[in-house]
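Please read the following report alongside the sequence and the 3D view. It moves from the overall make-up of one chain to selected local features.

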Amino acid sequence: MFSDKQRSGLIWIVVFIIVAAFGFHLYDRLSPPPSGVIVKSEDEKPSLKEIYVYVHGAVKNPGVYKVYKGSRVFEVIELAGGLSPSADVRSINLARVVEDGENISVPTIEGTKVQTPSVGEEAQAGRREKLINVNKASVEELEKLPGIGKTIAQRIVNYREKNGPFKSPSDLLKVKGIGEKKLEKIKGLITF
Amino acid sequence: MGYPLLLVFLSFSLGVGITWFYRFSPFFLLVILIFLVILSFKCSYFLIFTFCILGILYSELRFPSVDFPKAEVEGVFEVKGNLAHLSREEKFFLSKYLKDGIYKIKGCLAFVPSEKRGYLWSRGYYRMIEVESFNLVSLREDPFLKRLKELYPEDVASFIYGALFGDKRGMLPSIKEVVYRSGLGHLLAVSGLHVGLLAGLTLLSLKALGIHPRLGLILSSVLLTAYTYMIGFQPSALRAYILFLLMVLGKLLGLRTSSLNLVGAAGLLLEFWNPFVLWDVGFELSFAVFLSIALAIELRLSPIFLYIAPQIATFPLLAIHFNYIPLASFLSNLIAIPIFSLALPFAFLSFVPILGEFIAPLVKLMIEIIFFISMLSIKLLPSLKL
């Protein structure tokens, strides 16, 4: 069909095209994305970080669940099989954003009713009210703590925004300006 | 065998065409290919199959990756209608039609819509931006179009702009419809006719100046290179340009080969540059025309066939892609092509200051005759609707 000369010429073309094809293929795959465009990939978004929360109480399947950062309490309860009929939805904020390592306790109606606070307990509850949650308090609230000024309060807020919630009192030592002495003073007044 | 390159081109195209329907694993293809190459040492018949498989493998490897990450895009682009450019390599198709200019665009990256795949891939647009918001930085009107609009009425100006630069976006839909239905659509894409006319004109005028034919060939190919570069290497122009370059190369090197082989070589080169040109309707039409003319020359048919053959060759393709057969094209082309050939060089002169104003009425008259011919021929020979 083809003469000998034509055949060898065409076979060289075949070899050349094969080599070029793989060359182009590699070049396409290895070349970087468009340089003048800002390309943000969706999986780089920080909102998709996974966190763990513990749910127990009036839910169907209590346990530890993995959720995405930014999830809310009602979503976690949904994961745990939903509320059991005895759950007291009025005493829990279903719209609150959950945090890593959080302990969500869903109260039951009986539980809330039975626990009619005695005088002593009421006093304790009163004291608990005064405890400041360092993971949730605003700068103004933190300022009420002894030895904490506006600057340090702001630093606490900045620290937890950057590194996540505090888990123990010793975590507070990492905030610049809080030493052992200051921590000793406020230890009894804060909660996590 | 007299036409090795034509045969090889046709079987390579078959391979590229198969990728439109099925996708194969490249390594599977490579194994078959090695097997076929070994076989073709024994019997050269197998080269035909080799090139077919090679066509599949080549388009498979050049296939743009579909699974690029879905991402947000923000940047400043040069926009022409639906097409946005960052540079020559970075091209995007836009989900919105914008006026020509510089825009800041924000949107989402996506794959180009599959019904436009043939048109876009053959031009190197693989990605689409779903426009969410855009800000105009500055509008950009083509200075050539501006000049034409000063000299001619709107419809004539847009026709000339389409004929010279292959950009038909500004045309009135009614006129565009008439021109296409009468089989004169090829005048509006920079194609073989334009390239042939320009090359012929420069060769003749250089000959008249007493320049050596070899130097004349080189000079005219330089001029054509400049022209195809100016209109942005549009596929239709590129096809005719490459064919012309191959002819010049053959003449300069003193190679004697059949014109069918030249067409085959041009087709192979274009498919090597971008295999997906085969999926473009324009490519199919062009090569139907090229092949039919080359065949008519090869068979030494009478000159009348040189006129009829390309038209008949495009009918099946027009019927498949656009569902009509423009019978009017026999009549319209007979009168329109000579007039157009005369009008084209004059139209170029309209960009020359002062001289342009003088010849404007003449060019306008010729273009209006073309409009009249296309309307008349449709009346006389209505196109077959399928």
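The report below describes a predicted model.

## Overall make-up of chain B

Chain B contains 15 helices and five strands, and of its 386 residues 49% count as buried. Among the contacts in chain B between residues at least 6 apart in sequence, 69% join residues that are at least 24 apart.

The N-terminal end of H5(B) is capped by B:Asp142, which has a side-chain oxygen lying 2.8 Å from the backbone nitrogen of B:Phe144.

## Salt bridges

Side chains of opposite charge can pair when their charged atoms come close. Over all chains the count comes to eleven salt bridges, and those described here include examples from chain A and chain B.

In chain B, the side chains of B:Arg169 and B:Asp100 meet in a salt bridge, with an N to O distance of 3.0 Å. Because B:Arg169 lies in the loop between H6 and helix H7 (173–181) of chain B, while B:Asp100 lies in strand E2 (residues 91–111) of chain B, the pair ties together parts that are 69 residues apart in sequence. B:Arg169 is partly exposed, with a relative accessible area of 32%, and B:Asp100 also counts as partly exposed, at 23% relative accessibility. B:Arg169 forms a salt bridge with B:Asp167 as well, the closest N and O atoms being 3.0 Å apart, and B:Asp167 counts as buried at 14% relative accessibility. Through shared partners, these salt bridges join B:Asp100, B:Asp167 and B:Arg169 into one network.

In chain A, A:Asp4 forms a salt bridge with A:Arg7, and the closest N and O atoms are 3.5 Å apart. Both residues lie in helix H1 (residues 4–30) of chain A, where A:Asp4 and A:Arg7 are three residues apart, about one turn of the helix. An α-helix has 3.6 residues a turn, so residues three or four places apart point the same way. A:Asp4 is exposed, with a relative accessible area of 57%, whereas A:Arg7 is buried, with a relative accessible area of 16%.

## A buried loop residue in chain A

A:Ala58 has its place in the loop between strand E2 (50–57) and strand E3 (63–68) of chain A. With a relative accessible area of 2%, A:Ala58 counts as buried, because a residue under 20% is placed in that class.

Leaving aside residues up to four places away in sequence, A:Ala58 touches A:Leu83, A:Ser84, A:Ser86, A:Ala87, A:Val106, A:Pro107 and A:Thr108. For one of these, A:Ser84, the separation from A:Ala58 is 26 residues in sequence and 5.3 Å in space, C-alpha to C-alpha.

Key:
Residues numbered from 1 in each chain as written. Chains lettered and ligands numbered in written order. Predicted model: local features only at pLDDT ≥ 70, side-chain atom pairs only at ≥ 80, totals over all residues. Heavy atoms only, no water. Helix = DSSP H or I, 4+ residues; strand = E, 2+ residues; numbered from the N terminus. Buried < 20%, exposed > 50% of the residue type's maximum accessible area, 1.4 Å probe, protein only. Contact = heavy atoms within 4.5 Å. Polar contact = N/O pair within 3.5 Å; in protein donor to acceptor, adjacent residues only side chain to side chain. Salt bridge = Lys/Arg side-chain N within 4 Å of Asp/Glu carboxyl O.
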